[in-house]
Amino acid sequence: MLPPVQDLEFHPDLHRYRYQGRWLPFSVSKVTNRTTPEQEAQFERTKHIWAPRGNAVHAFCEAMLLGQELPETEYGDWTEAVQDCWLLRDSEPLAVEYRLCDARKGIGGSFDFLLRTPNNKVVLGDLKTVGSDSGVSQRKAATPQLGGYLAMLIDHHPRLTVNACYTVVIGPGRHRLIKSEPDECLMAWVDAWDAFKLTELPF
């Protein structure tokens, strides 16, 4: 398992990161998930549906990867899809819910998993839950988000080689794996950060 990044703290009540005593103003998800005010309002209206589901399925996946007792949940169709996913079921965990930062940019973030597959490849992944079968088919790859995590992973663990990135989409009774190349993810992250700087930073 990867050792944790020293002096990096996560405060879940604030959903904020702190590195070497300094608060980090941004997160990877804030940089990559640009939304309109209308989209934000829709997220808030439906948060009571998707937030508990996402938290429960992520906690189940984390327990499964770490070989812990699996928590009971009311989202059985989703957790069955997690268990059916070969990538999650058959791979060795190298890091789970792992916290990272880029102190120069003031960014923190946590990726869902880093795994060694049965054919000895190292893959970085992000888990996404959706509410329907059609959502599984329509969900896009989290390419910029994975690129942000990968860039910080390279900074903190330069000897580690990541062979592929996966977005794991989990729906009721069905999963889908979307594979992305590491270089593709890194380029998407650079583009996302450049766009974020233009509209969000005061300098």
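How many aromatic pairs does the structure hold? There are seven of them in this predicted model.

**Phe10 and Tyr17**
- The ring centres of Phe10 and Tyr17 sit 4.6 Å apart, and the planes meet at 40°, so this pair is tilted.
- Buried or exposed, what are Phe10 and Tyr17? Both are buried.

**Trp193 and Phe196**
- With ring centres 5.7 Å apart and planes at 25°, Trp193 and Phe196 make a stacked pair, because planes under 30 degrees apart count as stacked.
- Helix 7 (residues 182-200) carries both Trp193 and Phe196, and they are three residues apart, or about one turn of the helix.
- An α-helix has 3.6 residues a turn, so residues three or four places apart point the same way.
- Trp193 has 8% relative accessibility, so it counts as buried.
- Phe196 comes in at 0% relative accessibility, so it counts as buried too.
- Which residues do ring pairs link into a cluster with Trp193 and Phe196? Phe26 joins them there.

**Helix 3**
- Helix 3 covers residues 76-84, and its buried residues include Trp78, Thr79, Ala81 and Val82.
- Looking down the axis of helix 3, you'd find its buried residues within an arc of 150°, so they line one face of the helix.

Methods
Residues are numbered from 1 along each chain as its sequence is written. This is a predicted model: local features need pLDDT of at least 70, side-chain atom pairs count only at pLDDT 80 or more; totals for chains, interfaces and linings use all residues. Side-chain values use heavy atoms; hydrogens and water are left out. Buried means under 20% relative accessible area, exposed over 50%, partly exposed in between (1.4 Å probe, protein chains only). Helices (H or I, at least four residues) and strands (E, at least two) are DSSP runs, numbered from the N terminus. The arc is that of the directions from the helix axis to the C-beta atoms. Rings of Phe, Tyr and Trp (its six-membered ring) pair if their centres lie within 6.5 Å; planes under 30 degrees apart count as stacked, over 60 as edge-to-face and the rest as tilted.
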